[in-house]
Amino acid sequence: MFASKSLLRMTFIAALAPTLAFAGPLADAAKKAEEQAAAGDTVGAHNTIRDAFGAFAATLPFAIGKTVFVATPPEGYGMYTVRPDANFKAGEALISYVEPVGLSWRPGAGGLLESQFTVDLELLDPKGTVLAEQKAFGSFDFKGSVRNQEVFAKLTLNLSGPPAGDYVLRYRFRDAASGAVAVSEQPFKIVP
């Protein structure tokens, strides 16, 4: 009977083992930041979380987190008004707000960190046929003392001459430091 109780107890513990998780650097930083905030160190708490998130984001693969057409040029990160639809009149500017995720940061001049990405553009029909393209449509450089994660791109495309119909705007982002590529696609319509 004793052997079966031990075996049962070991089986129960073994079944729980996969659900146990280690806290990790983000959880450790959150705990430290909470302690700093409770002690009245607001700036220290903010810096602890910001730095931990920057270090965590550096481990993420390069991707596009958000892509939306906006009604007017964005004023900053997350500071935009989403366009109510993706219907554009001929000659109307298509303004895209795009948030890259997992950018690579590398040491730069003067002890600063640097990040850069370029953007290629493709205009496609709904079947995926490339109608027009432009390499290096945009280039974005960022320098700072921290791995800033609140980075966005404002891309403005002025189309003249395409007939009314359905199209897809494809942006191909290339992280200069890592060479990684991420793609965003935005279907839209040219209306009379």
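By class, how many nonpolar, polar and charged residues does the lining of the largest cavity have? Hold that thought while we get our bearings. This is a predicted model, where local features need pLDDT of at least 70 and side-chain atom pairs count only at pLDDT 80 or more, while totals for chains, interfaces and linings use all residues. Residues are numbered from 1 along each chain as its sequence is written, and side-chain values use heavy atoms, with hydrogens and water left out.

**Whole chain.** Colour by secondary structure: the protein chain has 3 helices and 9 strands, taken as DSSP runs numbered from the N terminus (helices H or I, at least four residues; strands E, at least two). Along the sequence the pattern reads α-α-α-β-β-β-β-β-β-β-β-β. Of the 192 residues, 31% count as buried (under 20% relative accessible area, with a 1.4 Å probe and protein chains only).

**Select 42-57.** This is helix α3, with 16 residues; at 1.5 Å a residue it should span 22 Å, and its end C-alpha atoms are 22 Å apart, which agrees. (The expected span is 1.5 Å times one less than the number of residues.) Now show Gly44, Ala45, Thr48, Ala52, Gly54 and Ala57, the buried residues of α3.

**Select 181-191.** Here is strand β9. Its covered face carries Ala182, Ser184, Gln186, Phe188 and Ile190, and its uncovered face carries Val181, Val183, Glu185, Pro187, Lys189 and Val191. In a regular strand the side chains alternate between the two faces of the sheet.

Strands pair if DSSP finds at least two bridges between them. Bring in β8 (165-175): 10 bridges join it to β9, antiparallel, and Gly165 has Ile190 as its bridge partner. The two form a hairpin with 5 residues between them, and Gly179 in the turn has a positive phi of about 80°.

**Last stop, the cavity.** Select Pro100, Val101, Gly102, Leu103, Asn148, Gln149 and Val151, which line the largest cavity. About 30 Å³ of space lies inside. On a 1 Å grid over the protein atoms alone, a cavity is a set of points where a 1.4 Å probe fits but cannot get out, and lining residues have an atom within 4 Å of a point. And the opening question? The lining has 4 nonpolar, 3 polar and no charged residues, with Gly counted among the polar ones.

Definitions and conventions
Buried means under 20% relative accessible area, exposed over 50%, partly exposed in between (1.4 Å probe, protein chains only). On a 1 Å grid over the protein atoms alone, a cavity is a set of points where a 1.4 Å probe fits but cannot get out, and a pocket is an open set with protein on both sides within 12 Å along at least five of seven lines; lining residues have an atom within 4 Å of a point. Grid points are joined across faces, edges and corners, and a volume is the space filled by probe spheres set on the points.
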